[in-house]
Amino acid sequence: MHKDAAISKPGPDISVNLGGLWMKNPVAAASGTFGYGFEYQDYIDSASIGAVIVKGTTLEKRVGNPPPRICETAAGMLNAIGLENPGVEVFVTEYLPRLRQHGVTVVANIAGNTVEDYEHTAAIIDKQSGVAAIELNISCPNVKQGGLQFGTDPAMVEAVVAAVKARTSLPVIPKLSPNVTDIVTIARAAQRGGADALAMINTLLGMAIDIKTRRPVLGNVFGGLSGPAIKPVALRMIYQVYREVDLPILGGGGIVNTADALEFIMAGATAVSIGTGLFVNPTLPAELSLGIKQYLTEHGLDKIGDLVGAAHRF
Amino acid sequence: MPAVEKALVAAHQEVAQGLYEIEVLAPQIASGARPGQFVHVRPGGTSDPLLRRPLSLYDVDQELGSITLLYKVVGRGTELLSRVKSREYIDMMGPLGRGFTLPQTGQSILLIGGGVGIAPLIYLARVLKAQDCTVQAAYGAASLQDAAVYQRKFQQLGIEAWPATMDGSLGYQGTVVGLLHQMAPAIKIDMIYTCGPEGMMKAVTDYAQSHQIPGEVSLEETMACGVGACLGCARKLKPEDADYAKVCKDGPVFSMDLMA
Ligand SMILES: Cc1cc2nc3c(=O)[nH]c(=O)nc-3n(C[C@H](O)[C@H](O)[C@H](O)COP(=O)(O)OP(=O)(O)OC[C@H]3O[C@@H](n4cnc5c(N)ncnc54)[C@H](O)[C@@H]3O)c2cc1C
Ligand SMILES: Cc1cc2nc3c(=O)[nH]c(=O)nc-3n(C[C@H](O)[C@H](O)[C@H](O)COP(=O)(O)O)c2cc1C
Ligand code: FES
């Protein structure tokens, strides 16, 4: 293309505002699949990614589950990492400075077993510079409620979101668990708690059995299913929530190519996240940004917002 | 230089039943590759099977930019890989992991392999020879056919190798651990490197430790990312360790000192 033409035609705008989280492009690396942003540095520059959602962080260090922690399934995989992480203090002193220096758009992902855990972890992160938003992993057992997952009970969802909102001025993005009967009820509860956006979906609970040993494959017995196998479920839930709840959505679950990402956007996602797809193709974030841009250009659209929720116009 | 490359298949053949050797051109990956490292290969290229499969560097020619892998067909991924033809491409990522620590020049080295675990020891042997080490190898093979493949490769590298087969069809009759106990006392060993089944590596580690010989093992664990990001390939090296090592990044090669 002629140089002047390139200047006069800057191409479609793929930057997005996800409830106060500004992303230079609409692709985020999903929590737990991209470490602390530097593990993949030989393959992709983490500063080029719309947002890097770092590994789930808890107040105290966790050693994680006994192996095997992962197992491949049909078009997907199960994981039971057990939230292995060094604790929030190590995150803010050792990992965050490097991410900040490198200009990475960092989203912290926090988890806990009590509302107080979430509050304290959020308060510590709030004091740091270099974090653009907080994602709340609510697929964790609430030990004070008999181990019931926070994310499966509307009252608990509202309470934990509200508690974290009270401790931080950063955008708060609860990440919804798909292991519920009615996702819209949960999304509404998150909105009442003050959520700035919603991330969906986390993994689906599953398991695998080794017929040679007759034992569950995973050390933890149960694990979270991710990858292309869960894409139809994720799309359906995003479609339902987009219709009923007025909050921007970070959509993901099984995205491995541009067509997948476009489906999520058309279902109602403002931006997309990729997790398992990164294991297969570490340069996927760059490919998706380019692919989405190309699609917009080909269809004469100026900005990605024009496509969000497109599948609802019928 | 680490990269994801479309690697051109230069040669691919079944060298023994269910055992394949594949040579690809992957100059970027080859350029920085070290013995004991591995590559992550995507079989098929569709979403099922989904994940990449880790395979050790069996041989590398940095001038040619070629990488050779040796693999056993054990499941869907390796089965799909076995169908790839010459002049087709495979999707390869690497080099990955922490490889073997190379000894000082001129040392006496014993390599101990079990089955396809011999693969990383071959590339190691080539590099050790180049730095004037005295290299000897003991290995166990499942069949005479397999043993012939390994024996030929060691011979090409000019390395004295002792095979062990369960039926005695080539070399020592029994396991490579039995062979080790028989042969090792008679030779000078400054360092041991081993790769193979878990039980074998444990026995080799016990031998090395009881004779105060330093050594390294190459471990396996199911992997997803291969770069230390997913924390999936966790392994407790000693039962009393508090933390889990990540085989893909902290390993796959570990010092025997770290093992129980
Ligand atoms: C660092 C590393 C280097 C390796 N190097 C080589 C090599 O050079 N040559 C080679 O043939 N193999 C090597 N392996 C093992 C190889 O990765 C597996 O055999 C392969 O992933 C199996 O894929 P599949 O789809 O064919 O089998 P699957 O369908 O995934 O599994 C089939 C069977 O193989 C077993 N299996 C799967 N993965 C492994 C594994 N990692 N270790 C042991 N058993 C496994 C499964 O439990 C199952 O019983 C290496 C593994 C690691 C971790
Ligand atoms: C190995 C692994 C580890 C994960 N760890 C976390 C985590 O710590 N916190 C979290 O909120 N989600 C975690 N997830 C879920 C992912 O962020 C993502 O929501 C899910 O995998 C679905 O997307 P995908 O199909 O693109 O992977 C993890 C997923 C995988 C595969
Ligand atoms: S395979 Fe992901 S951390 Fe090792």
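Here are some questions and answers about the two ligands and the chain contact in this predicted model.

User: Which element gives the most residues to the shell around ligand 1?

Analyst: Let's start with the shell itself: 21 residues surround ligand 1, and the closest include B:Ser56, B:Tyr71 and B:Gly75. The elements that give two or more residues are β4 (53-56), β6 (66-72) and α2 (76-82) of chain B. The top contributor, with 4 residues, is β4(B).

User: Where does ligand 2 lie?

Analyst: There are 27 residues around ligand 2, and those that come nearest are A:Ala30, A:Gly32, A:Gly56, A:Ser226 and A:Gly275. By class, that shell divides into 7 nonpolar, 2 charged and 18 polar residues. Those nearest residues carry the letter A, but the place of ligand 2 is between chains A and B.

User: How many residues of the side of chain A that touches chain B are charged?

Analyst: The contact takes 24 residues from chain B and 30 from chain A. On the chain A side, β5 (70-73), β6 (76-79) and α8 (276-280) are the elements that give two or more residues. Sorted by class, this side has 17 nonpolar residues, 8 polar and, to finish, the charged ones: 5.

How values were computed:
Residues are numbered from 1 along each chain as its sequence is written. Chains are lettered from A and ligands numbered from 1 in the order in which they are written. This is a predicted model: local features need pLDDT of at least 70, side-chain atom pairs count only at pLDDT 80 or more; totals for chains, interfaces and linings use all residues. A residue is near a molecule or strand if its C-beta atom, placed from the backbone, lies within 6 Å of it. Two residues are in contact if their C-beta atoms, placed from the backbone, lie within 7 Å. Ala, Val, Leu, Ile, Met, Phe, Trp, Tyr, Cys and Pro count as nonpolar, Asp, Glu, Lys and Arg as charged, and the others, Gly among them, as polar.
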